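Welcome! Please take a moment to look over the sequence and the 3D view before reading on.

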Amino acid sequence: MSENIKTYYTVKDIIGDYAILTNENGIENQVAVFFLPDQTDIGTKLIYENMEYTVI
């Protein structure tokens, strides 16, 4: 049985086609905006679960 791993992010910046996300440990991750929900903007809080980002 696989365990559901959830990671929480805040959008720190959006540069062109990429968003800079910061997790709860302060680690930054660069993700293509294509993979994020349409309403994503700087400051948006996201959860990454089951290979999908969702606004929280």
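What follows is a short tour of the sheet, the core, the rings and the salt bridges. Please keep in mind that this is a predicted model.

## The sheet

Five strands form an open sheet, and their order across it is β3-β2-β1-β4-β5. The pairing is antiparallel. At the edges stand β3 and β5 (52-55), each with a single partner strand, so one side of each is left without a neighbour in the sheet. From one strand to the next, the twist averages 40°.

Now look at one of the pairings. Strands β1 and β4 pair in the antiparallel sense over four bridges. Here you can find Tyr 9, which stands opposite Leu 46 in β4.

Next comes the interior. In soluble globular proteins, nonpolar side chains tend to be buried together. In this model, the largest nonpolar core has eight residues: Tyr 9, Val 11, Ala 19, Leu 21, Val 31, Leu 36, Leu 46 and Tyr 53. The elements that give two or more residues to this core are β1 and β2 (18-23). Tyr 9 and Leu 46, the residues that stand opposite each other, are both on the list of core members.

Which residues does Val 31 touch, leaving aside its neighbours within four places in sequence? Val 31 is in contact with Asp 17, Tyr 18, Ala 19, Leu 21, Leu 36 and Tyr 53.

## The aromatic rings

The model has three aromatic pairs. In one of them, the rings of Phe 34 and Phe 35 have their centres 5.3 Å apart and their planes at 80°; planes over 60 degrees apart count as edge-to-face, so this pair is edge-to-face. Phe 34 is exposed, with a relative accessible area of 72%. Phe 35 is exposed too, at 53%.

Another pair joins Tyr 48 and Tyr 53. Their ring centres are 4.6 Å apart and their planes lie at 45°, so the pair is tilted. Is Tyr 53 buried or exposed? Tyr 53 is buried, with a relative accessible area of 12%, while Tyr 48 counts as partly exposed at 27%. Ring pairs also bring in Tyr 9, linking Tyr 9, Tyr 48 and Tyr 53 into a cluster.

## The salt bridges

Finally, there are two salt bridges. One is formed by Glu 49 with Lys 6, and the closest N and O atoms are 3.8 Å apart. Glu 49 lies in strand β4 (residues 45-49) and Lys 6 in the segment before β1 (7-15), so the pair ties together parts that are 43 residues apart in sequence. Glu 49 is partly exposed, with a relative accessible area of 22%. Lys 6 is partly exposed as well, at 44%.

The other salt bridge joins Glu 28 and Lys 12, with the closest N and O atoms 2.3 Å apart. This pair links distant parts of the chain: Glu 28 is in strand β3 (residues 28-32) and Lys 12 in strand β1, 16 residues apart. Glu 28 is partly exposed, with a relative accessible area of 45%.

Terms used:
Residues are numbered from 1 along each chain as its sequence is written. This is a predicted model: local features need pLDDT of at least 70, side-chain atom pairs count only at pLDDT 80 or more; totals for chains, interfaces and linings use all residues. Side-chain values use heavy atoms; hydrogens and water are left out. A salt bridge is a side-chain nitrogen of Lys or Arg within 4 Å of a carboxyl oxygen of Asp or Glu. Buried means under 20% relative accessible area, exposed over 50%, partly exposed in between (1.4 Å probe, protein chains only). A nonpolar core is a set of buried Ala, Val, Leu, Ile, Met, Phe, Trp, Tyr and Cys residues joined through side-chain atoms within 4.5 Å. Contact means heavy atoms within 4.5 Å. Rings of Phe, Tyr and Trp (its six-membered ring) pair if their centres lie within 6.5 Å; planes under 30 degrees apart count as stacked, over 60 as edge-to-face and the rest as tilted. Two strands pair if DSSP finds at least two bridges between them. Axes are lines fitted to C-alpha atoms, for helices over the stretch in contact, and angles run from 0 to 180 degrees between N-to-C directions.
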